[in-house]
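Here is a short briefing on one protein model. Look at the sequence and the structure first, then read the points below.

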Amino acid sequence: MIFNLLCAPCFAAIGAIKREMNSPKWTWFAIAYQCGFAWVIAFIVWQVGRLFAGGMNIVGLVLALVMLALLCWQLFKPYQEAQKLTVK
């Protein structure tokens, strides 16, 4: 259920993404990013759920915790201003 809630949206929304990004490459990147993010979150929830419900897989749990740490690092890393403006 978590994967379905977070994965790529319907075709109408994908069309809007394509129109707003004005590039098929960035549209496919956005869809892949959303699906990848949804899979990682679903995997973390599944592994933590197995920890409480039984049938724990230590390798999967360690992998899930590493993924969770990477997500937290991305969320809380310090913001860095660009030193110079580059415009093409």
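Is tryptophan 46 buried, exposed or partly exposed? Tryptophan 46 is partly exposed, since its relative accessible area is 48%; buried means under 20%, exposed over 50%, and partly exposed in between, with a 1.4 Å probe and protein chains only. This is a predicted model, in which local features need pLDDT of at least 70, side-chain atom pairs count only at pLDDT 80 or more, and totals for chains, interfaces and linings use all residues. Residues are numbered from 1 along each chain as its sequence is written, and side-chain values use heavy atoms, with hydrogens and water left out.

**Helix α3**

- Helix α3 covers residues 24-53. Helices here are DSSP runs (H or I, at least four residues), numbered from the N terminus.
- The 30 residues of α3 should span 44 Å at 1.5 Å a residue, and the end C-alpha atoms are 43 Å apart, so the two values agree. The expected span is 1.5 Å times one less than the number of residues.
- The buried residues of α3 are Thr27, Ala30, Ile31, Ala38, Val40, Phe43, Ile44 and Gln47.
- The cover over these buried residues includes α1 (2-6), α2 (11-21) and α4.

**Aromatic rings**

- The model has 4 aromatic pairs. Rings of Phe, Tyr and Trp (its six-membered ring) pair if their centres lie within 6.5 Å; planes under 30 degrees apart count as stacked, over 60 as edge-to-face and the rest as tilted.
- Tryptophan 39 and phenylalanine 43 are stacked, because their ring centres are 5.2 Å apart and their planes lie at 10°.
- Both of these residues lie in α3, 4 residues apart, which is about one turn of the helix.
- Tryptophan 39 is partly exposed at 46% relative accessibility, whereas phenylalanine 43 is buried at 13%.
- Phenylalanine 43 also pairs with tryptophan 46: the centres are 6.2 Å apart and the planes are at 55°, so this pair is tilted.
- Phenylalanine 43 and tryptophan 46 sit 3 residues apart in α3, again about one turn.
- Elsewhere, ring pairs join Trp26, Phe29 and Tyr33 into a cluster.
- Lysine 77 lies over the face of tryptophan 73, 5.3 Å from the ring centre. A charge sits over a ring if NZ of Lys or CZ of Arg is within 6 Å of the ring centre and within 35 degrees of the ring normal.

**Threonine 27**

- Threonine 27 is in helix α3 and is buried, at 6% relative accessibility.
- A polar atom of the threonine 27 side chain lies 2.9 Å from the backbone oxygen of serine 23.
- Leaving aside neighbours within four places in sequence, threonine 27 is in contact with Ile14, Ile17, Lys18 and Met21. Contact means heavy atoms within 4.5 Å.

**Cysteines**

- The count of disulfides is 0. A disulfide is a pair of cysteine sulfur atoms within 2.5 Å.
- For cysteine 35, the nearest cysteine sulfur is that of cysteine 7, at 5.5 Å.
- Cysteine 35 is partly exposed at 29%, and cysteine 72 is partly exposed at 34%.

**After α4**

- Glutamate 81 lies in the segment after α4 (58-76) and is exposed, at 56% relative accessibility.
- The side chain of glutamate 81 makes a polar contact with the side chain of tyrosine 79, at 3.4 Å. A polar contact is a pair of N or O atoms within 3.5 Å; within protein, one must be able to donate a hydrogen and the other to accept it, and residues adjacent in sequence count only if both atoms are side-chain atoms.

Technical notes. Helix = DSSP H or I, 4+ residues; strand = E, 2+ residues; numbered from the N terminus.
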